[in-house]
Amino acid sequence: MPLARSLSMTSLNGLPQWEDEDLPVEDLLLFEVSWEVTNKVGGIYTVIQTKAKITADEWSENYFLIGPYFEHNVKTQVEVCEPPNPAIKKAMDTMKSQGCQVFFGRWLIEGSPYVLLFDIGSAAWNLDRWKGEFWDATNIGIPFHDREANDAVIFGSVTAWFLKELSCQFDDKPNIVAHFHEWQAGVGLILSRSQKLPVATIFTTHATLLGRYLCAANIDFYNNLDQVRGIQHRAVTIFRTILGSNFSDAEDVCLCLFSAFPDVVTPNGLNIKKFSAMHEFQNLHSMYKARIQEFIRGHFYGHLDFSLENTLFFFIAGRYEFSNKGADMFLEALSRLNFLLRVHKSDVTVVVFFIMPAKTNNFNVETLKGQAVRKQLWDTAQSVKEKFGKKLYNALLKGEIPDLSKILDRDDITIMKRAIFSTQRHCLPPVTTHNMIDDGNDPILNTIRRIGLFNNRTDRVKVIVHPEFLSSTSPLLPLDYEEFVRGCHLGVFPSYYEPWGYTPAECTVMGIPSVTTNLSGFGCFMQEHVADPAAYGIYIVDRRFRSPDESCNQLTQFLYGFCQQSRRQRIIQRNRTERLSDLLDWRYLGRYYMHARHLALSRTFPDKFEMEPCAPPKVKSAFRDEFICIFSYFTERRKKNMCV
């Protein structure tokens, strides 16, 4: 696929190319199964939503997404219609006749793919029977009170039921490919395999719970993988209960899910929309930066003794995982950055936003008051300006040089004095925009208390915690997330556990520099494809081979170096960052998924599909060593001839 702009850049290694024979999609049906189809929970939603267009372009009317039915999502995102495929309609009718509600329509996103949505509640009466069938197939018991696991069993069971009803109608063609995302859809894959359905299956894990929880527990996970034997043994027990005591089967699953060499590592992409002129995205940055500055004027009223023209906006966003997302290291680096800026008497001020949803009561009064004061001052200034303008205009019409002392009368002076007095503040600007529930135990707020970043006048680093997703309808910061990102100067994501990392990728395609780490999939991907990532606005912190203190110092130096750049240097860097967006385009990265589908078909139907001995280029995985460790344990046990 020609990506001339990327390939022409001298600092890029170039995008590796490989040929993969096109599939006869007219004789195939592709189903992607995920709990996040039309149901935004996390990053998987972004993967499926953004990938839908290129997949729909390739598969046309033979591409379908399967997910759970939630009425509030369907009302706003799905156009209900009849299925065009008679076999699918017959399978749906069969399920409906037995009490399972199934909905079909088009998902109103780019590409408009078909969706099948199963009403989990309508099928819940089968839960006990399906739990029994799952136990018979896997020897895994599901706790009665575990709502999430129960929903996964129901969702997986109805998915396998649908695939069975559908495949029974076909003799030779079309063949079915079912792609399951994450563990919530995994029950459907296991049941499809145990029932020996003629379906080519693919499983994509977007993270591992083992790694996520261990990293969140402040364990030096990556440098102590060989010592995690007890946890590995429990993981092995789970594999045994899934597939019985036959080690070869367990090894196959381990190779697929936790091997050092998974069949295909699939980097996540985005739909890249290029502007006709390079300066257009720079104009968007200026426009949305101005709107963020308006919020800052209100939030820091009475303490606005710093120049907004010399103020930089940094941000971190994502799921509230304090250590996994690197918020702990970021805060420590901000404390050190504040010290450096003060010692060197820099005129640069840094305002840092933490966009991480947490439990709140509502906006706090002081934050709302700040925006009200700002609006009042604006209205006062506009009123005085209008009167001033009329008097100046009349004087000029008479051919007179106006007497400025007479243009503003006593009432105008009084109004302006009252406006100035209204900006007096007897407390510091708030650190958080909302009333936090149990703020005494909030890790971000507790760290802010420890390092003393309370938005004092002398602080060159100011902190604003916004514990809610951004929305253009917000009375505080009326911007969508994309608009907010475009208005910022730097995204900072020093994650410790981040299998991919959409947040720095989104910054890149919008031309906003970002900080990531060599423990994130995105960071590894950029290190592999770009010779000098920092020159293109991708700062990669070494959290793998350095101590936490050394990594924090490196992050601090990145931030301080960014603060020393001139406005012109930042503009040039944003241009260079935006040029990397071709690397993250689904038009290229989607080929990894195409290769996976071709591979699954060649293994399931070897007499119909042949796979040429070629493979997509290797892509580094953020949790590759986690795979190696667990796989090595399997190998060791097998050598000892022990039953796992």
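Predicted model: local features only at pLDDT ≥ 70, side-chain atom pairs only at ≥ 80, totals over all residues.
**Ground rules**

I number residues from 1 along each chain as its sequence is written, and I work with heavy atoms for side-chain values, leaving out hydrogens and water.

**Entry 1: the seven-stranded sheet**

I started with the open sheet that runs E3-E4-E5-E2-E1-E6-E7, seven strands with mixed pairing. Strands here are DSSP E runs of at least two residues, helices are H or I runs of at least four, and both are numbered from the N terminus. Two strands count as paired if DSSP finds at least two bridges between them. In general, strands of a sheet pair through backbone hydrogen bonds, parallel or antiparallel.

Which strands sit at the edges? I get E3 (78-80) and E7 (199-204), each pairing on one side only. Ignoring direction, neighbouring strands are turned by 30° against each other on average. Axes are lines fitted to C-alpha atoms, for helices over the stretch in contact, and angles run from 0 to 180 degrees between N-to-C directions.

Next I looked at what packs on this sheet: helix H4 (residues 86-97) touches E1, E2 (63-68), E4 (102-107) and E5 (114-118). The direction of H4 makes about 140° with that of E4. Contact means heavy atoms within 4.5 Å.

Val177 has Ala200 in E7 as its bridge partner.

**Entry 2: the six-stranded sheet**

I then traced an open sheet of six strands, E12-E9-E8-E13-E14-E15, with parallel pairing. Its edge strands are E12 (461-466) and E15 (538-541), each with pairing on one side only. The twist averages 25° from one strand to the next.

Inside it, E13 (residues 490-492) and E14 (residues 514-517) run parallel and are joined by two bridges. I noted Val515 in E14 as the bridge partner of Val492.

**Entry 3: cores**

How many residues does the largest nonpolar core have? I read 118, and those with the most contacts inside it are Ile296, Phe314, Phe353 and Phe354. A nonpolar core is a set of buried Ala, Val, Leu, Ile, Met, Phe, Trp, Tyr and Cys residues joined through side-chain atoms within 4.5 Å. Buried means under 20% relative accessible area, exposed over 50% and partly exposed in between, with a 1.4 Å probe and protein chains only.

I listed the contacts of Ile296, skipping neighbours within four places in sequence; among them are Leu304, Phe306, Val351, Phe353 and Ile464. A second, separate core has 37 residues, including Val33, Cys100, Val158 and Leu166.

**Entry 4: rings**

I count 26 aromatic pairs in the structure. Rings of Phe, Tyr and Trp (its six-membered ring) pair if their centres lie within 6.5 Å; planes under 30 degrees apart are stacked, over 60 edge-to-face, the rest tilted.

Why is Phe31/Phe162 called edge-to-face? Their planes are at 75°, with centres 5.7 Å apart, so the pair gets that label. Phe31 is in E1 (residues 28-33) and Phe162 in H6 (residues 147-167), 131 residues apart. Phe31 and Phe162 are buried.

I checked Phe313 and Phe353 too: with centres 6.3 Å apart and planes at 70°, this pair is edge-to-face. Phe313 lies in E8 (residues 311-317) and Phe353 in E9 (residues 349-355), so the pair ties together parts 40 residues apart in sequence. Both Phe313 and Phe353 are buried.

For charges over rings, I need NZ of Lys or CZ of Arg within 6 Å of the ring centre and within 35 degrees of the ring normal. Lys51 has its charged end over the ring of Tyr593, 4.7 Å from the centre. The charged end of Lys608 sits over the ring of Phe605, at 5.6 Å from its centre.

**Entry 5: single residues**

Leaving aside neighbours within four places in sequence, Thr46 contacts Lys40, Leu270, Tyr502 and Glu506.

Arg546 is in the loop between E15 and helix H20 (548-563), partly exposed at 36%.
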